[in-house]
Amino acid sequence: WIITKEQFTAAMQSTVAKLILNKLKELNLVDKAIRDELLGIYHTTALLAGTYKVEQAKAFLAGNADPLDSLHLEANTRGVTVEYLAGKVLEKYETYIYIDALITAIRGKLEDRIETFVVDTLNPIASWNDFQGFEDIGNGTLLSKYGTDIYGRMIPLLSPGE
């Protein structure tokens with residue numbers, strides 16, 4: 001059988017379209033899994049209470065503390081100073097926000113890249129090679145350019161300077 005370049009390109013476009021849908025579904029699963037792994041240590045109720053504690057910690061450090069707030073209650077119950085607890089609350093909050101921002105940014109970058117991929121009708125083989133290709137994310141680490149490995153791309157960002 002002999003097919004034309006147009007038929008080959010159409011078949012390639014159809015195949016890539018299916019692969020893109022699968023990669024986007026996989027990206028959703030990877031996003032959920034990494035959030036569960038890195039951020040799942042916080043129960044939903046802890047996250048809700050945390051928003052209040054962050055504001056209370058900021059108020060305490062700004063000199064506008066309410067001695068009857070939950071931050072004071074928790075510090076007294078734990079047997080630690082309010083200063084110590086305010087620092088821990090803000091440290092955990094900043095770490096959480098940083099990790100969440102990394103996940104969101106990398107997922108968005110990969111999602112945008114996958115969604116906007118198009119097969120070059122003038123050179124479908126080059127497009128296929130690009131779609132199956134790898135990129136160096138630093139230090140010689142190669143990851144699939146159109147892959148869904150959020151965590152692999154986060155590793156260098158979680159330990160800056162190491």
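This briefing covers salt bridges, aromatic pairs and helix packing in one structure. The model is predicted: local features need pLDDT of at least 70, side-chain atom pairs count only at pLDDT 80 or more, and totals for chains, interfaces and linings use all residues. Residues are numbered from 1 along each chain as its sequence is written, and side-chain values use heavy atoms, with hydrogens and water left out. Helices (H or I, at least four residues) and strands (E, at least two) are DSSP runs, numbered from the N terminus.

**Salt bridges**

- Side chains of opposite charge can pair when their charged atoms come close.
- The cut-off here is a side-chain nitrogen of Lys or Arg within 4 Å of a carboxyl oxygen of Asp or Glu. The model has 10 salt bridges by this rule.
- Arg107 is buried, at 16% relative accessibility. Glu111 is partly exposed, at 23%.
- Glu135 and Arg113 form another salt bridge, at 2.7 Å from N to O. Glu135 lies in strand β1 (residues 134–136) and Arg113 in helix α4, so the pair ties together parts that are 22 residues apart in sequence.
- Glu135 is buried, with a relative accessible area of 18%. Arg113 is buried too, at 17% relative accessibility.
- Lys145 and Asp130 make a salt bridge at 2.9 Å from N to O. This pair links distant parts of the chain, 15 residues apart: Lys145 is in the loop between β2 (142–144) and α6 (150–158), while Asp130 is in helix α5 (residues 124–131).
- Lys145 is partly exposed, at 26% relative accessible area. Asp130 is partly exposed as well, at 27%.

**Aromatic pairs**

- Rings of Phe, Tyr and Trp (its six-membered ring) pair if their centres lie within 6.5 Å; planes under 30 degrees apart count as stacked, over 60 as edge-to-face, and the rest as tilted. The count by this rule is four aromatic pairs.
- Phe117 and Phe131 form a tilted pair, 4.7 Å centre to centre, with 45° between the planes. Phe117 lies in the loop between α4 and α5 and Phe131 in helix α5, so this pair, 14 residues apart, links distant parts of the chain.
- Phe117 is buried, with a relative accessible area of 9%. Phe131 is buried, at 1% relative accessibility.
- Trp128 and Phe131 have ring centres 6.4 Å apart and planes at 35°, so the pair is tilted. They are three residues apart in helix α5, separated by about one helical turn.
- Trp128 is partly exposed, with a relative accessible area of 29%.
- Phe117, Trp128, Phe131 and Tyr146 form one aromatic cluster.

**Packing of α2 and α3**

- Axes are lines fitted to C-alpha atoms, for helices over the stretch in contact, and angles run from 0 to 180 degrees between N-to-C directions.
- The axes of helix α2 (residues 44–61) and helix α3 (residues 70–78) come within 9 Å and cross at roughly 90°. That makes α2 roughly perpendicular to α3; the class spans 65 to 115 degrees, with under 35 roughly parallel, over 145 roughly antiparallel and the rest oblique.
- Contact means heavy atoms within 4.5 Å. Lys53, Gln56, Ala57 and Phe60 in α2 meet Ser70, Leu71, His72 and Glu74 in α3.
- By class, this contact of α2 with α3 has three nonpolar, three polar and two charged residues. Ala, Val, Leu, Ile, Met, Phe, Trp, Tyr, Cys and Pro count as nonpolar, Asp, Glu, Lys and Arg as charged, and the others, Gly among them, as polar.
- His72 lies in helix α3 and is buried, at 11% relative accessibility.
- Not counting residues up to four places away in sequence, His72 touches Phe60, Ala65, Asp66, Pro67 and Val82.

**Lys32**

- Lys32 is found in helix α1 (residues 5–39). Lys32 is exposed, with a relative accessible area of 54%.
- The C-alpha atoms of Lys32 and Glu55 are separated by 28 Å, and the two residues are 23 residues apart along the chain.

Methods:
Buried means under 20% relative accessible area, exposed over 50%, partly exposed in between (1.4 Å probe, protein chains only).
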